[in-house]
Every structure is written in structure tokens, then in C-alpha cells.
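Student: I have a structure open and want to learn how to read it. Can we go through it feature by feature?

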Amino acid sequence: MQLAPSRFGQIVTAAMFAFAGMSIAQALELRSADIHPSDYPTVKAVEYMGDLIKKKSDGRITVKVFSGSKLGSEDDSIEQVKLGALAMARVSSAAMHNICETTRVPSLPFLFRSVEHQHKVLDSDIGSQILKSCEDAGFVGLAWYDSGARSMYTRNKPVKTVADVKGMKIRVQQSDLSVAMVEALGANATPMPMGEVYTALKTGLVDAAENNFPSYDSGHHFEVAKYFSLTEHTMTPEILVYSKRQWDKLPAADQQLIRQAAQESVPYMRKLWAEREEKSRAVVEKGGAQIVEPDKASFQAVMKPVYDRFITTPQMKDLVARIQAVK
């Protein structure tokens, strides 16, 4: 595969950073990427993880987070992590769907009954199993982070039932599952990176998008899409992944230290997320966004084809059944 010059430059730059961090004695600087701005909960959580690692290693291991898409899109970050040019990346698990198929399961529409249900699942052996399954693809899954519930927001009219989205052009994440979900609603899916969504909404390239309150706020999407319908159709979690190429070179003690720090960052991230959701909702409402309570049942009723298409193996079906059984 031939890389575009800009992507090649990003990978070379990240590689130079990565190897520079290993050049002084046994000191190690772990480079991590995130598309979100520096004050976003995922960024702050990885920085907090870095503080824990620095303390636990007596300053020998540090973490530097490149936020705000400084090292490219989530797809770019994933590629750099796989190549070993980056140590870590925090990405939406949707970005991993075509790389590690079990990550599709937590993104299924209307799978989780509540945030509490999701936390119980991801904190259990089910969550650990999905993280572990990504190692064959070159990624060590370290932790699950919150991303809230994704809902629909539109430019021209509120969405109250599934009939209202028929024929709309809706931006989705670059994931086959996300595309299939929107198509099941009778709409036209338009996959694109997060950084392009504001302009697409503003110019009318798309009629709608779907995301959580913090992204609706931080991306300024509420300025160009005023109707936020609480469809809460998916609760796709964030995932923190580590390069297996780099991981396999670490001493076992360092692996344990990093994994423990990642897990200890999860409660901190969840606290920040809950606070950010509340704050962001207040910001967008003050900015003129109209919050709509739709008929969720009408959306849920058309999702069976999505499950039928993507949950095809015994392993995937077992994961879904176990998740649904968690009380």
C-alpha cells in the first residue's frame, strides 16, 4: 500500500519521536495520540495515566499526549500504532471495527440499557475478552473509556420518529456497522472524519450527524445543526490501544505498570466525562440548541438487520447474549 505524502510524513515524524524517547539510558517516553482538544476527558485521562506511570516508575517512564489531531485522524493514529511509530492512541472503538471485529459488539445499536449496564459489562471478563482479541491484529487493548450515548442532530428539522430521517444524508463514523445502522433507518450514510463534520453540516453536504453532547459542543456542531434528538441509539465506547510491536519489547514489569495505570485512569475519566456531559449540554442549550425527546422504540424496531449482518459467528453471538444477560 502506497502512503500519501502527508500521511507518510506523519508516520515518519511519530517514529522519530518514538525512537528519540528510547535513546537516553533506560528512560522511555510513550507518545500517545488523540483527535480531541487538550481539555477533553479522554486527553486528560491519558495525561493522568502518564502521571501515574511517572510516579510508579520513579520518573523513568513518561507519557506525552498529542491532542487535537496533531498526528492526524484516528485512522492515521491506528496505522502509526500498528507500525510501532506511536506507543498508544485513544480512539473510538468504531475506528477498530474493521481491524478487530469483536469491537463491533459494544457498538451495536440499543445493546446497553444504561451507562451502569455498560460499565458492568466493560469492567467484566467480557470487556477484557474483547480487548484481548485485538492482539492478533497488532494492538494491546489497555482500557475502555466512556463516550456517552450517541444521538442524532439535524440542520433543518427535528427528528421525532424514524420516519423523519428517511432520505437524509447523515454523517457517520468510518465504520461499516455505523453505515449499516443509518441505512436501516432509511437514510443515506456519509462516512467522514470528525474534523470534516462542521463544514459538511454548514455547507449542507450532510443533513445530520450523530454524536454525544461533548463532541456536539467541542466540534461547534450545535452552531450549524440546532436540533439534537435524544435517540441514544449507540453507546460506542472509546478504547486505549498500545502498539504490540512496542509492547513486546517491554519488560514484563513495565507492561504490568502501564496496564495498571491505564485501568486506574478509568474511574478518573468517567468522572470527567460525567461532568463534561452536563457542562456541554448546558453550553449547547444556551447556544440555541433544541433538545428533542424522540420515539426511541421506532428506531429500535428497525435494527434487527444490523444484528443479523454483523453478529454472525458463535463467538459474537455469545458475547451479545452474555452482555444482554448482565443485570
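Student: Is W273 buried or exposed?

Tutor: Buried means under 20% relative accessible area, exposed over 50%, and partly exposed in between (1.4 Å probe, protein chains only). W273 has a relative accessible area of 2%, so W273 is buried. This is a predicted model: local features need pLDDT of at least 70, side-chain atom pairs count only at pLDDT 80 or more, and totals for chains, interfaces and linings use all residues. Residues are numbered from 1 along each chain as its sequence is written, and side-chain values use heavy atoms, leaving out hydrogens and water.

Student: How many aromatic pairs does the structure hold?

Tutor: Rings of Phe, Tyr and Trp (its six-membered ring) pair if their centres lie within 6.5 Å; planes under 30 degrees apart count as stacked, over 60 as edge-to-face and the rest as tilted. The structure holds eight such pairs. In one of them, the ring centres of Y40 and W273 are 6.0 Å apart and the planes are at 70°, so the pair is edge-to-face.

Student: Which parts of the chain does the pair of Y40 and W273 tie together?

Tutor: Helices (H or I, at least four residues) and strands (E, at least two) are DSSP runs, numbered from the N terminus. Y40 lies in the loop between β1 (28-33) and α2 (41-56), and W273 lies in helix α10 (residues 252-286), so the pair ties together parts 233 residues apart in sequence. Y40 is buried, because its relative accessibility is 0%.

Student: What kind of pair do Y48 and Y268 form?

Tutor: Their ring centres are 4.1 Å apart and their planes are at 20°, so this pair is stacked. Y48 is in helix α2 and Y268 in helix α10, 220 residues apart. Y48 is partly exposed, at 29% relative accessible area. Y268 is partly exposed too, at 30%.

Student: Which residues form one aromatic cluster?

Tutor: Y153, F213, Y216, F222 and F228 do.

Student: Where does the charged end of K64 sit?

Tutor: A charge sits over a ring if NZ of Lys or CZ of Arg is within 6 Å of the ring centre and within 35 degrees of the ring normal. The charged end of K64 sits over the ring of F66, 5.4 Å from its centre.

Student: What does the side chain of Q246 reach?

Tutor: The side chain of Q246 reaches the backbone oxygen of G84 at 2.8 Å. Q246 lies in helix α9 (residues 244-247). Q246 is buried, because its relative accessible area is 9%.

Note on methods:
Polar contact = N/O pair within 3.5 Å; in protein donor to acceptor, adjacent residues only side chain to side chain.
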